[in-house]
Amino acid sequence: MAFLAGAFLLLSILILLVQLRVLHYAYERMGIPSRYVLAILLLTLLGSSINIPVAEFPPEKVISGTVVHHHGMRYVVPVVRQWPATVLAINVGGALIPVLLSIYLALKNRLVLKAVIAVTVVALVTHHLAHPARGVEITLPIFIPLIVATICALLLSWRQAGPLAYIGGSVGTLIGADLMNLTKIPGLGAPVASIGGAGTFDGVFLVGIVAVLLASMIQPDARRAV
């Protein structure tokens, strides 16, 4: 019930932002056609609750039905009736959609090499900041990664800083926070270890979007490559 209420509130805020053209502007600076913006946002939000299982760690006692606080964020650990093995999954909204969108942007704008550099830098910084939290996998403070993603994008490609900021911010955060910390997941007591979910979903989404906005504010007159 709490998740549905939170999802409804988040959806209401996102729709309001779209009406104010904030997120519309951010996706436009990335090179996404305006007619697809709302669909991508809805898929991202709905996909944040969908985890695709890919592996399973050895059984351990998991934390259940508690609230964990890290980096000023509040994470609710799902109630688990039994003590199963920790399931490793890929989150649709926090991993699959950002990765697919980033691949599209990198190929469309011919930014593959620059994207690899930006992702690598952001991943290294994010990995240093990411913190394993009992019951909720990996948590992350988002402000430094988004600044790093913005700076990398502006330095590597001033004219295409928008899409490059999104690629570096979202994929770099995903790799640095989750993929580079997979070995730390056993022992955290999380029912589901979701790549791009729980503690890193906000980071992946906000770092990518806010990095685009920051880059666009710094170079507002730069034209997008078509």
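1. A patch, as used here, is a group of residues with over 30% relative accessible area and no salt bridge, joined within 9 Å for like charges and within 5 Å for nonpolar side chains (Val, Leu, Ile, Met, Phe, Trp, Tyr). A salt bridge means a side-chain nitrogen of Lys or Arg within 4 Å of a carboxyl oxygen of Asp or Glu. This is a predicted model, in which local features need pLDDT of at least 70 and side-chain atom pairs count only at pLDDT 80 or more, while totals for chains, interfaces and linings use all residues. Residues are numbered from 1 along each chain as its sequence is written, and side-chain values use heavy atoms, with hydrogens and water left out.

2. Of the 226 residues, 50% count as buried, where buried is under 20% relative accessible area, exposed over 50%, and partly exposed in between (1.4 Å probe, protein chains only).

3. Now to the surface. Ile50, Ile52, Val54, Leu96, Leu100, Ile103, Leu107, Val112 and Val116 make up a nonpolar patch with about 790 Å² of accessible area together. At least two residues each come from β1 (51–59), α4 (92–108) and α5 (112–129), and α4 gives the most, with four. Ile52, in strand β1, counts as partly exposed because its relative accessibility is 39%.

4. Ile209 is worth a look: leaving out residues up to four places away in sequence, Ile209 touches Leu23, Ala26, Tyr27, Met30 and Tyr166, a contact being heavy atoms within 4.5 Å. Across the chain, 79% of contacts between residues at least 6 apart in sequence join residues at least 24 apart.

5. Helix α6 (residues 143–156) has 14 residues and spans 20 Å from its first C-alpha to its last, close to the expected 20 Å, which is 1.5 Å times one less than the number of residues. Its buried residues include Pro145, Leu146, Ala149, Cys152 and Ala153.

6. Please also look at the loop between α7 (161–177) and β7 (192–195), where Asn181 is found. Asn181 counts as buried because its relative accessibility is 0%. Beyond residues up to four places away in sequence, Asn181 touches His127, Ala130, Ile138 and Gly176. The C-alpha atoms of Asn181 and Ala130 are 8.4 Å apart, though 51 residues separate them along the chain.

7. Ile185 sits in the loop between α7 and β7 too, and is buried because its relative accessible area is 6%. From Ile185 to Pro132, 53 residues away in sequence, the C-alpha distance is 7.7 Å.

Methods: Accessible areas come from the Shrake-Rupley method with a 1.4 Å probe; for residues, only the protein chains shown count as cover.
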